[in-house]
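Let us walk through this structure step by step. Keep the sequence and the 3D view side by side.

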Amino acid sequence: MFDPLLSKAWKDACRVLFGQEIGELQDYSDWLAEMVDAPIVKKSSISGKEVIHSRADYSDSARSISLEEIDIGKKFNPLSINEIKDIDSIIEAIQDRIFYTGNIILGNSKEVQKSSNINDSFYIYNTTLSGNSKYMAFCTLARLDSYGFGGNAFSQCDFCIKCHELTRVKRSFELWMSQDCSDCYYSHGLKNSSNCFFCFNLDNARYTIGNLQLPPDKYAELKTKLISEIVDELKREKRIPSLTEIVRDCDGEIRLPSSNSKVAVKQPVDQKKIDGEFVKTFEILFKKRPSKNIDEYASWLSRHVRGFERCKSAASGSDVFLARYGNYCDLPKNRLLTLDEAKGIGQTLKLTAEDVNCISFKNIGKNLGKIAFFNTDIQDGQNANNFECTITIDAFNCHRSVCSVYSKFCAYSFWPRSSQHIFGGDTVFDSAFCINSYNSVNLQRCMEMDGCNSCSDSYFCHNCENLQNSMFCFNTKNKRYAIGNAELERESYAKIKEGILEQIYQELEKSGKSKYDIFSLGET
């Protein structure tokens, strides 16, 4: 089932983290898959073979195809005048051309199984939306990683098992939402730390258990004890509770220092800036101004976007946003903090020396509740004028978005990276002036695009590359003025496009949303 070299990598990772092998990868596959978005498995409409998709938005009735089954050079006749009178007639006419592509393995990749949206990677199993990695199983949203198992949303990490939302981390187990760390176990919210066990919301920590710093030899003694107990349970049960499971079962009343209960001062936000840039983008795509403000289009823009859940801080009652990715929504909702609160509380709350001396994996729940609180945000670089956003890195003028990175003027979006004017986007890189586009790179002035690369002025396209002024195209590339994969004369295309956009515009004017999106075109 598993490639022998991947199985060996699992054993290597266990030796690094636990000092010994704990058994075969197959024995732990159910546990490793528990908290990771599972690939969506369908059947090819061409061959009946298994097709893996990385997202669940495609209709159950839509037809799937494997990347290697695509006939990229297939010719199609242009649609007749009766087939282009409105969107419904176009969709009906191109049903034989609509296939949603899975098993997307790109670049220099080898031994990739049951995975999709993988590039330049080796020995990968049951993994999606990842690249430039090796020896990975049961993972998603990984970049530049190796020896990763059962993880979600990490980058530049090595030898990590059951870890979530990490950057530049090595040799860690059950580490959550941390950066620049090594040799950390069952911890959350660490930065530039190493040799930590059961720690929360600390920077620059060393040889620390329960937020209490110890002499290196004492730390090593207790770490050896805890790891031995973890290994015993893993070998016996083939799983072990996650950090969040342990904290949910903690004993006692939740108590926080009163000095950390102050509501953080909110910086003023100029929402007119984002409204104005949305109007500009809307005009570029529809050639008309919207009659509503951006929030009145919220349901349309966020339909296929991983957004956030609004919760409250356990310390102050301030709003806290739980991103719908990377296992943020698995955090105990009665133990959440804002970023500023977490920084203060992490330095304040510690287990006592007596607690730590008596620590064991079985009794940790008795004391962990004293210090186990979770920050849900990351703020790095320069950020300004962002309204109700979480996880921002050098982001400006963003609105109700998650993971805005090196971007500006984005709203109702997830992970716009090195982009601007992205509205309703999910995982859109190096792009500008786009609405409702997904898993795409280098788009300019596009709407309802999925899995596309280097396209401009195009609408309702899937798995396409290098399109210009095209609509309703699937699994093709290098086309201009195309509808349904068939190229038209420029004037004919422009006239049809004008009618299509007018139809969508009227829908948006009436209800603030449209019934058409790239994921629903193949419904039968």
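Helices (H or I, at least four residues) and strands (E, at least two) are DSSP runs, numbered from the N terminus. The expected span of a helix is 1.5 Å times one less than its number of residues. This is a predicted model, where local features need pLDDT of at least 70, side-chain atom pairs count only at pLDDT 80 or more, and totals for chains, interfaces and linings use all residues. Residues are numbered from 1 along each chain as its sequence is written, and side-chain values use heavy atoms, without hydrogens and water.

Start with helix H4, residues 216–237. Its 22 residues should span 32 Å, and its end C-alpha atoms lie 31 Å apart, so the two values agree. Several H4 residues are buried, among them Tyr219, Lys223, Ile230 and Glu233. Buried means under 20% relative accessible area; exposed means over 50%, and partly exposed lies in between (1.4 Å probe, protein chains only). The buried residues of H4 pack against elements including helix H1 (4–18), strand S15 (164–191) and helix H9 (353–357). Just after H4, Lys238 takes a positive phi of about 65°.

Now move to Asn367, in helix H10 (residues 365–368). Is Asn367 buried or exposed? Asn367 is buried, because its relative accessible area is 18%, under the 20% limit. Leaving aside neighbours within four places in sequence, Asn367 is in contact (heavy atoms within 4.5 Å) with Leu351 and Asp355.
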